[in-house]
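Please read the points below slowly, with the model open beside you, and look up each place as it is named.

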Amino acid sequence: MKIAVDAMGGDNAPHAVVAGAVHAAREFGVGIILVGIEQMVQAELKKHPFAKSLPIEVRNASQVVDMLDSPATVFRRKKDSSIRVANDLVKSGEAVAVISAGHTGAAMATSLFVLGPIEGVERPAIGVFMPTVKGRCIVLDMGANVDCKPNHLLQFAIMGEVFAKHLLKIPNPRVGLLSIGEEETKGNELTKEAFKLLTETSLNFIGNVEGRDVMMGKVDVVVCDGFIGNVVLKLSEAVAEAIGVILKENIGDNLIRKLGYFMMKPAFRALKRKMDYAEYGGAPLLGVNGVSIISHGRSSDRAIKNAIRVAMELAKGEVNRHIQEDIEHNMDLARTK
């Protein structure tokens, strides 16, 4: 098994990406293909002497995607970019997965057009892990599709359920539709119609859930359109950062508060770990004909290592095969009712 990693993607590339790939190869024993400007990537690899004995190879890509590039420009004019070459490796079968912490739109669009959608999937969706008081859940879509139809939300629910079942090891995942109220009549036309479709499937659909329910562990899979999902994601990231800032400001130079902080430090560290996106590595683009992980632009080496772990789990769990089977089954149910 080999994972193609975009070595030039992200705010901390290539050093953090290469370091994360080295750690993953050593810890998981997985093969890594680092894709990027060869001279730069090799220079980073030399900082890790033990990397010579690891299953890591470098594939040259002469172009780098800039954050100001449009996804269309990347796909049409930067065919030798690290994002494109990494996806091509998956398409050709040389790698089972691609990981990029670079331009999110470009990474998503390139995977969609190069790998193509799974048969039966109309719109691939970005699934993001969210911490809850009971563990974690997956929320999708988190930004791949701003405008959706009810049928798209149905498919997001199916893909999320498969992911939760095979990656989070939840036997019968609870699926909830994000809305402004728990009642079936609450929401806009999109959620009302999606609600009807979801009740006709074999999913463990528990109905509408509100924003406050996401982190309370009420459901394992939260379904929404990409516009709402992206707002939820950015707000949750901001809340996590704000908590840290507020704590520091309130502790200040007060000796008693500092002592209290010192005694509570293990609890604060546990909270930080649970809220830290680096623990989850990256967000899978579910529904494409291959494994594609989109990591945070600020990904550290730990985040890259964990993204590679998630990619391995998706490939080993044959999640795409299960998605295709469940899409066919549940869409047939919806049509016959």
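**Notes on the predicted model**

1. Lys-169 is found in the loop between H6 and strand S8 (174-178), where helices (H or I, at least four residues) and strands (E, at least two) are DSSP runs numbered from the N terminus. The phi of Lys-169 is near 60°, a positive value in a residue other than glycine. Most residues other than glycine have a negative phi, and most peptide bonds are trans. With 63% relative accessibility, Lys-169 counts as exposed; the term means over 50% relative accessible area, while buried means under 20% and partly exposed lies in between (1.4 Å probe, protein chains only).

2. Before going on, please note that this is a predicted model, in which local features need pLDDT of at least 70 and side-chain atom pairs count only at pLDDT 80 or more, whereas totals for chains, interfaces and linings use all residues. Residues are numbered from 1 along each chain as its sequence is written, and side-chain values use heavy atoms, with hydrogens and water left out.

3. Glu-318 also has a positive phi, near 50°, and its place is in the loop between helix H10 (301-316) and helix H11 (319-336). Because its relative accessibility is 40%, Glu-318 counts as partly exposed. Ser-300, in the loop between strand S12 (291-294) and H10, is likewise partly exposed, with a relative accessible area of 25%.

4. Two peptide bonds deserve a careful look. The bond from Ala-13 to Pro-14 is cis, with omega near 0°, and Pro-14 lies in the loop between strand S1 (2-6) and helix H1 (15-28). Another cis peptide bond joins Leu-140 and Asp-141, with omega about 10°; Asp-141 is placed in the loop between strand S7 (135-140) and helix H6 (150-166).

5. An open sheet of 7 strands has the order S3-S2-S1-S4-S12-S11-S5 and mixed pairing, where two strands pair if DSSP finds at least two bridges between them. Strand S3 (56-60) and strand S5 (125-126) are the edge strands, each pairing on one side only. S1 pairs with strand S2 (residues 31-36) in the parallel sense over 5 bridges, and Ile-3 stands opposite Ile-32 in S2. H1 packs on this sheet, touching S1, S2 and S3, and its direction makes about 170° with that of S2; contact means heavy atoms within 4.5 Å, and angles run from 0 to 180 degrees between N-to-C directions, with axes taken as lines fitted to C-alpha atoms, for helices over the stretch in contact. Helix H4 (residues 82-92) lies across S1, S2, S3 and S4 and runs at about 145° to S2.

6. Strand S11 (residues 283-286), by contrast, pairs with S12 in the antiparallel sense over 2 bridges, with Ala-283 opposite Ile-294. The hairpin of S11 and S12 has 4 residues between the strands, and in it Gly-287 takes a positive phi near 110°.

7. An open sheet of 5 strands, also with mixed pairing, has the order S6-S7-S10-S8-S9. Its edge strands are strand S6 (128-132) and strand S9 (204-209), and the twist averages 30° from one strand to the next. S7 runs parallel to strand S10 (residues 221-223), joined by 3 bridges, and Val-139 stands opposite Val-222 in S10. H6 packs on the sheet and touches S6, S7, S8 and S10, its direction making about 165° with that of S10. H7 lies across S8 and S9, running at about 160° to S8.

8. H6 and helix H7 (residues 189-198) pack with their axes 8 Å apart, at an angle of about 50°. That makes H6 oblique to H7, because angles under 35 degrees count as roughly parallel, over 145 as roughly antiparallel, 65 to 115 as roughly perpendicular and the rest as oblique. The contact is made by Pro-150, Asn-151, Leu-153, Leu-154 and Ala-157 of H6 and by Leu-190, Glu-193, Ala-194, Leu-197 and Leu-198 of H7.
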